[in-house]
Each structure stands twice: as C-alpha cells, then as structure tokens.
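Work through the exercises below with the model open. Try each task before reading its solution.

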Amino acid sequence: MLEIFQNLEQMINRFSPWLHIASGVVFLLPGLCIWIAGHSLRKIFIALAGLAAGIVVGLFVIGRNVFSASLSGGLAALIALIFEKVLVVLLAAALAAAIAFTILAEPYFTQTEAVETQNDISAQTTTIDPNEILQEVKTFGLDAGEKIKQAGTRVPVYTWAIIAAVAAVLLVCGIALWRFTSSLFFSVAGTMVIFLGMILLLSYKGAEPISHIRSNPLISAAVFLAMAAFGTIVQLLLCKGKKEKITKIKPGGKKGKGGKEAKIVEHDWRSA
C-alpha cells in the first residue's frame with residue numbers, strides 16, 4: 001500500500017506548481033471543517049457526498065450526459081439527507097474496514113519496479129494539459145485498483161475476519177453511541193483530507209512528504225492519531241448546538257397568565 005502512495009507522489013510531482021497549490025487549498029480548507037465541525041455540519045457534507053456520488057453514476061453509468069448526472073445527483077443528495085444517520089454509520093464502518101485493510105494487508109502487496117528518484121522526476125516534462133492530467137489520474141487509479149485487488153486475493157481468511165470484526169464494532173457503536181461514532185468518523189475523515197491537502201502543498205516545494213511518511217511511519221501514525229483524537233474530543237464537547245426553549249402550557253395551574261402554568265423545556269436539536 002505504501003508503494004501506491006509513493007506512485008501517487010511521483011504523479012503529483014509531474015503536475016504544474018499552480019495545480020499543487022490550488023488542489024492543496026481545495027482539500028485543506030474543507031478538511032479543517034470536517035475535522036473540527038463535521039458532526040455539526042454533517043447534513044451538508046452527507047448531501048454533498050450524495051450529490052457527488054450521484055453525478056459520478058449519472059456521468060459514467062446511467063445516461064452519461066448532463067441531464068442524467070443532474071437528476072441522479074439530486075436524487076442521491078435527497079436520499080442521503082433522508083437516511084443521514086444510517087449513511088454516517090455505514091461510512092464509518094467502511095472507513096474503519098479500509099484503514100484495517102491498509103494496515104493488515106501491507107505484507108501482501110508485491111514490490112514492483114524501483115521508484116523514481118527526484119532527479120528523474122524533475123527531468124520529466126511538467127504536465128499542464130487537463131487531458132494529460134486526467135489520463136495520469138486514470139492510469140494511477142487503474143494501477144492502484146489492480147494492486148489492491150491482487151493483494152486482496154493473497155490476504156488470508158483470518159485477516160478478512162479481523163477486518164470484518166472492525167467494521168462490525170463500528171456498526172454496533174453507531175447504534176449504541178451514534179454521536180460518538182459520528183464525531184469519530186468525521187474527525188478521522190477530516191484528518192485524512194488534511195493530510196492529503198498538506199501532501200499536495202508540500203509537493204509544490206519538492207519536499208517529498210510521502211517519502212518522509214514512509215521512512216518515519218510511527219511518527220506519522222502518532223500525529224494522525226493525535227489529530228483524530230483531538231478532533232473527536234472537540235466535536236463531542238463543543239458541537240452540542242444551541243438549545244431551543246419550548247413552552248408547554250399546562251391547564252389547571254395557578255401560575256402564569258390566565259391561570260395556566262407555563263413549563264419551559266430545553267431541547268438540544270443536535271444531540272439526537
């Protein structure tokens with residue numbers, strides 16, 4: 001799996017500098033929002049995720065035109081809003097399974113040809129044309145998918161059982177501790193998006209961030225876990241939302257106007 005990220009770094013280094021900065025900012029800013037306030041803004045992020053998934057399906061699966069993409073995107077966003085809590089739990093379980101697979105399946109990834117040096121990459125022509133960029137991304141995606149598929153066929157059954165158990169634990173937590181699961185999911189997802197944005201920005205200066213992560217995996221893992229834990233705690237403590245005051249009139253009392261007793265009930269509309 002680390003080799004896939006190394007290939008990603010090589011691909012990024014062939015892009016023009018402005019693309020590093022623009023894409024880095026595009027990932028970094030939303031990543032910060034997801035990391036700190038994802039639970040509070042979950043309806044927005046879930047709707048956007050549904051919209052993006054629907055557009056992809058409409059463009060590449062159903063009608064492959066703008067109308068089908070718009071229709072499927074709108075329907076997917078509506079469905080995502082209706083089943084918001086269920087989708088959050090399912091996405092949290094899927095993310096946990098993906099992380100577990102990344103860690104446990106690493107020994108089963110085959111090492112191919114040696115990675116290119118920074119001098120070799122610098123000597124190549126910088127990719128600027130959008131069609132070339134899309135082709136590079138498509139080639140990388142197909143190659144990464146093939147490597148993951150091959151590794152998956154080599155993973156033993158007990159490893160798959162561990163991965164399934166991790167996903168099952170998140171599903172149970174999502175049912176019993178939904179708010180904690182939601183905060184944890186958005187914190188981890190936001191941390192991953194922040195890491196990706198920082199990798200893109202640091203690649204602009206030729207810092208080779210993925211190579212440094214590969215050479216110091218423990219330090220990188222500690223930083224990732226610390227950020228994920230901090231984001232989860234912040235969302236649990238600070239993202240409770242404002243309380244609405246609902247007035248209930250109870251007949252037959254002596255207090256209040258007209259001989260009625262007023263009872264104030266506070267309801268936290270985001271604590272559900």
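**Exercise 1. A serine and its surroundings**

At 12% relative accessibility, S72 falls under the 20% cut-off and therefore counts as buried. The model is predicted, so treat each value as computed from it.

Task: state which helix holds S72, and find the backbone oxygen that its side chain reaches.

Solution. 
- Step 1. S72 lies in helix α4, residues 66–82.
- Step 2. Follow the side chain. The side chain of S72 reaches the backbone oxygen of G54 at 2.5 Å.
- Step 3. List the contacts, leaving aside neighbours within four places in sequence. S72 touches G54, I55, G58 and I62.

**Exercise 2. The salt bridges**

Task: find how many salt bridges the whole structure has, and work out which residues they link in a network.

Solution. 
- Step 1. Count. A search of the whole structure gives two salt bridges.
- Step 2. Take the pair E84 and R42. Their closest N and O atoms are 2.4 Å apart. This pair links distant parts of the chain: E84 is in helix α5 and R42 in helix α3, 42 residues apart.
- Step 3. Take the pair K43 and E84. Here the closest N and O atoms are 2.7 Å apart.
- Step 4. Join the pairs. R42, K43 and E84 form a network of salt bridges.
- Step 5. E84 is buried, because its relative accessibility is 6%. R42 is buried too, with a relative accessible area of 7%. K43 has 46%, so K43 counts as partly exposed.

Side chains of opposite charge can pair when their charged atoms come close.

**Exercise 3. The nonpolar core**

Task: give the number of residues in the largest nonpolar core, and name the element that gives the most to this core.

Solution. 
- Step 1. Size the core. The largest nonpolar core has 37 residues. Those with the most contacts inside the core are L8, V88, F101, F109, F140, F185 and F186.
- Step 2. List the contributors. Two or more residues come from each of α1 (2–13), α2 (17–37), α3, α5 (84–104), α7 (130–154), α8 (157–176) and α9 (178–203).
- Step 3. Pick the top one. α5 gives the most, with nine residues.
- Step 4. Inspect F185. Leaving aside neighbours within four places in sequence, F185 is in contact with V88, L91, A92 and L95.

In soluble globular proteins, nonpolar side chains tend to be buried together.

**Exercise 4. The whole chain**

Task: describe the secondary structure and give the share of residues that count as buried.

Solution. 
- Step 1. Count elements. The chain has 11 helices and two strands.
- Step 2. Read the order. The pattern is α-α-α-α-α-α-α-α-α-α-α-β-β.
- Step 3. Check burial. Of the 272 residues, 34% count as buried.
- Step 4. Check the surface. The accessible surface comes to about 16400 Å², and 72% of it belongs to carbon and sulfur atoms.

How values were computed. Residues are numbered from 1 along each chain as its sequence is written. This is a predicted model: local features need pLDDT of at least 70, side-chain atom pairs count only at pLDDT 80 or more; totals for chains, interfaces and linings use all residues. Side-chain values use heavy atoms; hydrogens and water are left out. A nonpolar core is a set of buried Ala, Val, Leu, Ile, Met, Phe, Trp, Tyr and Cys residues joined through side-chain atoms within 4.5 Å. Buried means under 20% relative accessible area, exposed over 50%, partly exposed in between (1.4 Å probe, protein chains only). Helices (H or I, at least four residues) and strands (E, at least two) are DSSP runs, numbered from the N terminus. Contact means heavy atoms within 4.5 Å. Accessible areas come from the Shrake-Rupley method with a 1.4 Å probe; for residues, only the protein chains shown count as cover. A polar contact is a pair of N or O atoms within 3.5 Å; within protein, one must be able to donate a hydrogen and the other to accept it, and residues adjacent in sequence count only if both atoms are side-chain atoms. A salt bridge is a side-chain nitrogen of Lys or Arg within 4 Å of a carboxyl oxygen of Asp or Glu.
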